[in-house]
Amino acid sequence: MGHQRMKVIYIAGCGRSGSTLLGRMLGQLDGGLYVGEMRKLWTWCFEPGWLCSCGDAFRDCSFWEKVFGLAYGGWDVVPHQRAVLIQQKIDRARYLPFLLSKSGNRLLKTRIHSLTEILQPLYDAIKTVSGAEFIVDASKDPTYAMILASMRNIDLRVVHLVRHPCGVVWSMMKKRRREDVQGGTIYMGGSTLWKAAAYWTVWNRVFMHQIFSGALVIRYEDVVEAPRDMLARIMEFAGFPALTEVPFITGGRELLLPHDHSASGNPMRVAGGRLVLRGDDEWNSALARDQKEMIRKICGGTAARFRYSFDAPSAKGVQA
Ligand SMILES: [Zn+2]
């Protein structure tokens with residue numbers, strides 16, 4: 001096990017950029033497996049009531065039970081707490097300057113090594129249990145991407161997914177209850193405009209300029225306009241032959257997505273069945289003119305690099 005490197009398509013960028021939808025689609029392609037946001041695995045998925053996207057409680061899911069059994073010998077010996085502790089000391093935005101520095105930092109290198117020692121058997125087990133040729137990880141954060149890139153059993157292909165900043169900011173401001181957890185109540189959203197807009201700019205600039213210069217940039221709006229073409233472009237980038245069939249696209253913008261086993265991500269991950277890709281311009285009526293102007297001031301320079309305009313509502317997406 002572990003002799004052949006696992007190809008991982010890593011969806012990078014901001015939250016609320018449509019990565020769950022893109023990840024689910026990629027995971028349904030021949031040889032694919034969407035696992036959700038693996039970065040959140042240790043902190044979220046072990047919480048009571050947390051659901052796998054198949055609908056079972058995460059701890060009761062037969063897929064993850066087999067994965068953890070093969071990787072570590074069973075649920076009881078999963079190095080959960082240790083992974084959480086190490087991740088807190090390396091996989092955070094505050095460590096990004098150290099991770100990016102050429103000389104590196106001996107202490108942080110030791111921490112990365114400790115974390116990858118835990119992650120390598122996990123990714124190997126995912127490959128063995130699923131039989132997949134590639135896995136799709138929508139963790140998005142640059143720090144986790146850098147940790148995966150350092151792993152000897154992973155061949156990382158980074159797809160930088162961008163979405164119009166107004167769509168991302170509005171989605172981050174809108175407060176709603178998560179549907180993918182049972183018992184208890186967890187909310188998402190509720191950010192301030194300034195914080196969300198700054199996050200959009202910094203994260204997209206980090207991916208654009210500083211890390212993984214070979215990343216493939218994909219606009220969420222183009223995924224919605226032409227899903228088949230964008231999937232084909234990503235698969236070509238990842239080194240797979242041209243797409244022939246995309247069975248889950250049942251109409252131009254109609255998808256029929258079965259349940260999968262994603263560990264984390266946007267709550268839409270638990271919704272199986274028919275989805276229609278449609279215009280995502282809720283933000284255009286929801287945001288006041290001065291709010292859009294503020295977003296333009298904070299994000300405009302970077303947004304122009306991705307051909308985003310603030311003149312007219314042009315963003316498209318599913319309403320999630
Ligand atoms: Zn499951």
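Start by selecting residues 142–149, helix α7: this helix is mostly covered, with six of its eight residues buried. Here, buried means that 20 or more other C-beta atoms, placed from the backbone, lie within 10 Å of the residue's own. Helices are DSSP runs of H or I with at least four residues, and strands are E runs of at least two, numbered from the N terminus. Click through Pro142, Thr143, Tyr144, Ala145, Ile147 and Leu148 to see the buried residues of α7.

A word before moving on: this is a predicted model, in which local features need pLDDT of at least 70, side-chain atom pairs count only at pLDDT 80 or more, and totals for chains, interfaces and linings use all residues. Residues are numbered from 1 along each chain as its sequence is written.

Next, select residues 6–13, strand β1. Eight of its eight residues are buried, so β1 is largely enclosed by the rest of the structure. Met6, Val8, Tyr10 and Ala12 point one way, while Lys7, Ile9, Ile11 and Gly13 point the other.

Finally, colour by pLDDT, the predictor's confidence in each residue from 0 to 100. The protein chain averages 87. Helix α3 (residues 62–72) has the highest confidence, at a mean of 96, and strand β11 (residues 316–317) the lowest, at 44. Where pLDDT is low, the predicted coordinates should not be read in detail.

Definitions and conventions: Buried ≥ 20, exposed ≤ 12 C-beta atoms within 10 Å, placed from the backbone.
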